[in-house]
Amino acid sequence: MRHFEKDAIVSGVGISRIGRRTGVPSLELTLEAVHAAIADAGLNATDIDGIATLGDTPVPDVAAALGVEPVDYSSGFGVTGLLTPVTSACRAVADKQSRHVLVYRTVQMIGGSVPAAPTSESPPSAQQTQSEQPSIGGMDDIVELIAAHAYSAANWLALHCRRHMELYGTTKEQLGWLAINSRRNAAMNPLAVYREPLTMVDYLAARPVSAPFGLLDCDVPVDGSIAVVVSAADYARDCPHPAVAVEAVGGSDGVGGWFHRPDYPKMASSDAAAQMWSRTDLTPSDLDLAELYDGFTFLALAWLEALGICADGEAGPFVEGAERIARDGLLPLNTYGGQLSAGRMHGYWVLHEACLQLRGQAGERQLTRRPEVAVVAAGGGPIAGCMLLTC
């Protein structure tokens, strides 16, 4: 069986300026990223016949600014969570509904940056059809969490992390190595908002947020936009840069919600990863690069285990000392600085960085041995999506 994503490529990537409290309008940031991505793909705006976004800068505004009338494939939070617009774009080009689909994600520190409710999506799961309406799976149990005075994702994921610590002996210092590794990589990224050195002493001294998380376990809110162009696979021969192939996708809308899973503290990431690996002959041992969602340090640990890079309970020792996850390590992790230091772009900077690294165009932070297989993962709790990319 040939899965639809194999008929899609990422032909172009673009990023806007990134900053904190910039006051730059969302449309302006979006257009910076969009124009860069279209040019990077070797296209003109008039070549864009589809647009997909998670639900931030309105599609009509972007289309009007580009002077095009594309099909809107936006689908909010679907089965692949934050990456849903990308998988929707892959589906569209695979089905020959469009040839070049522009996908963007724009965030701002002040104002709404997440859609109020999901809409429809054609998910990758063979068990679902286009007519089904995916939900923001498992979100109903937020009511129970709030009733217990757990008011935010920092509280909810802290519970997962504490349980992981109790089960496997995961330590606060192991979480710290993730933050330190991200900061080292951010130092080589001119767009990262935090680039100054970070030590374990600094990490442990950070003010507490929700035990065991401190401030440096939490991602950094920013203003910015990232865009990619998803094209039909046969456009690869015309791309001005090496085309990035989409080998496999996976997603889950989180049966079991935040804390009702029988395998707690596992999350939807486990289901998403299992689906992704079921759609390819590649295995975790083939990975050269991992760009993983780190809205909180623990989420990167959870993804390492969900993806089968580490066995259950072994992610903490794997990242300890940050040697295995360093740029010259066994599996380089979050080479751009992650959301912990570069900035929170809701899973789109991981995609942008993976494409640059696979193309050999990441500048000072480019890995010495150019990667051929990368995994991108986004989300946490009851919503997760991941992609396997090759070049």
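Me: How many bridges join E1 to E7, and do they run parallel or antiparallel?
Reply: E1 and E7 run antiparallel and are joined by 7 bridges. Strands (E, at least two residues) and helices (H or I, at least four) are DSSP runs, numbered from the N terminus. Two strands pair if DSSP finds at least two bridges between them. In E7, alanine 232 is the bridge partner of alanine 8.

Me: What kind of model is this?
Reply: This is a predicted model, in which local features need pLDDT of at least 70 and side-chain atom pairs count only at pLDDT 80 or more, while totals for chains, interfaces and linings use all residues. Residues are numbered from 1 along each chain as its sequence is written, and side-chain values use heavy atoms, with hydrogens and water left out.

Me: OK. What is the strand order in the open sheet?
Reply: The order is E3-E2-E4-E7-E1-E8-E11-E10-E9, an open sheet of 9 strands with mixed pairing.

Me: Which strands stand at the edges?
Reply: Strand E3 (71-72) and strand E9 (289-292). Each has a single partner strand, so one side of each is left without a neighbour in the sheet.

Me: Back to E1. How many bridges does E1 have with E8?
Reply: E1 (residues 8-15) and E8 (residues 244-252) pair over 2 bridges in the antiparallel sense. Isoleucine 9 has alanine 245 of E8 as its bridge partner, and valine 10 has valine 244.

Me: How many E1 residues are buried?
Reply: E1 is mostly covered, with 8 of its 8 residues buried. Buried means under 20% relative accessible area, exposed over 50% and partly exposed in between, with a 1.4 Å probe and protein chains only.

Me: And E4, how many of its residues are buried?
Reply: 8 of the 8 residues of E4 are buried, so E4 is largely enclosed by the rest of the structure.

Me: Which residues sit on each side of E4?
Reply: His100, Leu102, Tyr104 and Thr106 are on one side, with Val101, Val103, Arg105 and Val107 on the other, and both faces are covered. In a regular strand the side chains alternate between the two faces of the sheet.

Me: What joins E4 to E2 and to E7?
Reply: E2 and E4 run parallel and are joined by 4 bridges, with alanine 52 partnered by valine 103 of E4. E4 and E7 run antiparallel, joined by 8 bridges. Threonine 106 stands opposite serine 225 in E7.

Me: Which strands does H3 lie across?
Reply: Helix H3 (residues 84-94) lies across E1, E2, E4, E7, E8 and E11, and runs at about 175° to E4. Axes are lines fitted to C-alpha atoms, for helices over the stretch in contact, and angles run from 0 to 180 degrees between N-to-C directions.

Me: And H12, at what angle does it run to E1?
Reply: Helix H12 (residues 348-359) runs at about 110° to E1. The strands that H12 lies across are E1, E4, E7, E8, E9, E10 and E11.

Me: Changing topic. How many residues of H9 are buried?
Reply: 10 of the 10 residues of H9 (residues 297-306) are buried, so H9 is largely enclosed by the rest of the structure. Among them are Trp303 and Glu305. Glycine 308, with a positive phi near 80°, follows H9.

Me: How do the axes of H6 and H9 cross?
Reply: The axes of H6 (residues 172-186) and H9 come within 9 Å and cross at roughly 100°. That makes H6 roughly perpendicular to H9; the class covers 65 to 115 degrees, with under 35 roughly parallel, over 145 roughly antiparallel and the rest oblique.

Me: Which residues make the contact?
Reply: Leu175, Leu178 and Ala179 of H6, with Thr297, Phe298, Ala300 and Leu301 of H9. Contact means heavy atoms within 4.5 Å.

Me: How many aromatic pairs are there?
Reply: The count is 3 aromatic pairs. Rings of Phe, Tyr and Trp (its six-membered ring) pair if their centres lie within 6.5 Å; planes under 30 degrees apart count as stacked, over 60 as edge-to-face and the rest as tilted. Phenylalanine 213 and phenylalanine 296 have ring centres 5.3 Å apart and planes at 10°, so the pair is stacked.

Me: Where in the chain are phenylalanine 213 and phenylalanine 296?
Reply: Phenylalanine 213 is in strand E6 (residues 213-214) and phenylalanine 296 is in the loop between E9 and H9, 83 residues apart. Phenylalanine 213 is buried at 1% relative accessibility, and phenylalanine 296 is buried at 12%.
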